[in-house]
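Reader: I would like to learn how to read strand pairing, cores and ring contacts in a model. Could we go through them in turn?

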Amino acid sequence: MEVRFPERPSCFHTALPIGEYVSQEHDDPIIGLPTRERTTLIIMSSSLNKVRNLEKLLPLYGDMDFVIDRVLVLWNNQEECPPQIPIHTKVDMFVIPQNAGSMNNRMGEDVLKYTRTRSILHTTDDVFLPREYIRYMAYNWVINEIDSIVGDLKDRAYAHPSTGDFLDVILEEHKKSDKERYSIVSTRSLIIGKKWLEEYNKDLLMLRFIDLHMDCESILLSAFFRKNTKRNNPIFIAIPEEYQREELPNYGEVDESTYTYKDQENTCILKGMDFFGKDIWDPKNIVL
């Protein structure tokens, strides 16, 4: 029997350079931080409506060679080719068409293959992260050890350890400090070690569930991280006001910065308990 593969636009035939190295420098002149380490910026995009955003974002990121090693744009649209990327930028950038429209692509094979730094910084096509913002994220990832996961305090969320409720505010009886109890981080601004990519992709049941329930990606990534770090929570940092990220237009699409889906989030939290144990959201730091 002849096997026929679906027709793909020509943009799905791509080849990228492969390399491995850790980029570390010292005496950071930007904001006085003692250690500078570049990261790889991952942007997932799928809508031609966001071309105007990418046309603004990519040249700006392309000038950040002191903080970014590469920009990888994961194109999640299998029907249309992505827009052209700028050329002659200080930072190498590549658009990589994905063979399936999966949120798991953020942690997928292409990211593992083409990332040369120890860390990866996830963001979206409707937010701009200034250079100093990226520096704060990368610096806090380094000083909190490379097993950590670092997010923006604006994006913090909390999974109730018993009921599975998704909460923006921690209940009084569960408070320890304003930052230490929040257990869910968002991929709008998230830095994590490259080392976690292979482990993440071993959990086939979780991957399949995320493919069916794409809104669960951030919650199950947070649960996966807690499972593999003795229930450590993400580290949330408060970015100085002058370095805050810039929200960009959504052009009629869902606004991720304000959109809420309470019932779906609760389902995702409960599913995390199914995958990783009933006590995965327990705030106590007990070895699993």
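Author: Let us begin with a strand residue, Val-150, whose bridge partner in strand S11 is Ile-191. Strands, like helices, are DSSP runs numbered from the N terminus (at least two residues of E for a strand, at least four of H or I for a helix). This is a predicted model, in which local features need pLDDT of at least 70 and side-chain atom pairs count only at pLDDT 80 or more, while totals for chains, interfaces and linings use all residues. Residues are numbered from 1 along each chain as its sequence is written, and side-chain values use heavy atoms, with hydrogens and water left out.

Reader: In which sense do S8 and S11 pair, and over how many bridges?

Author: Two strands pair if DSSP finds at least two bridges between them. Here S8 (residues 149–152) and S11 (residues 189–193) are antiparallel, over 3 bridges. S8 is also joined by 3 bridges to strand S12 (residues 235–237), and these two run parallel; in S12 the bridge partner of Val-150 is Ile-235.

Reader: Which way do the residues of S8 point, and are they buried or exposed?

Author: Buried means under 20% relative accessible area, exposed over 50%, and partly exposed in between, with a 1.4 Å probe and protein chains only. Ile-149 and Gly-151 point one way, Val-150 and Asp-152 the other way, and all are buried.

Reader: How many residues does the largest nonpolar core have?

Author: A nonpolar core is a set of buried Ala, Val, Leu, Ile, Met, Phe, Trp, Tyr and Cys residues joined through side-chain atoms within 4.5 Å. The largest has 44 residues, and Ile-184, Tyr-200, Met-206 and Trp-281 have the most contacts inside it. Its largest share, 6 residues, comes from helix H6 (residues 217–228). Apart from this core lies another, of 30 residues, including Val-71, Val-150, Ile-191 and Leu-248.

Reader: How many aromatic pairs are there?

Author: Rings of Phe, Tyr and Trp (its six-membered ring) pair if their centres lie within 6.5 Å, and planes under 30 degrees apart count as stacked, over 60 as edge-to-face and the rest as tilted. The count comes to 8 aromatic pairs. One of them, Tyr-61 with Phe-128, is tilted, at 5.4 Å centre to centre and 35 degrees between the planes. This pair links distant parts of the chain, with Tyr-61 in helix H1 (residues 51–61) and Phe-128 in strand S7 (residues 127–128), 67 residues apart, and both residues are buried.
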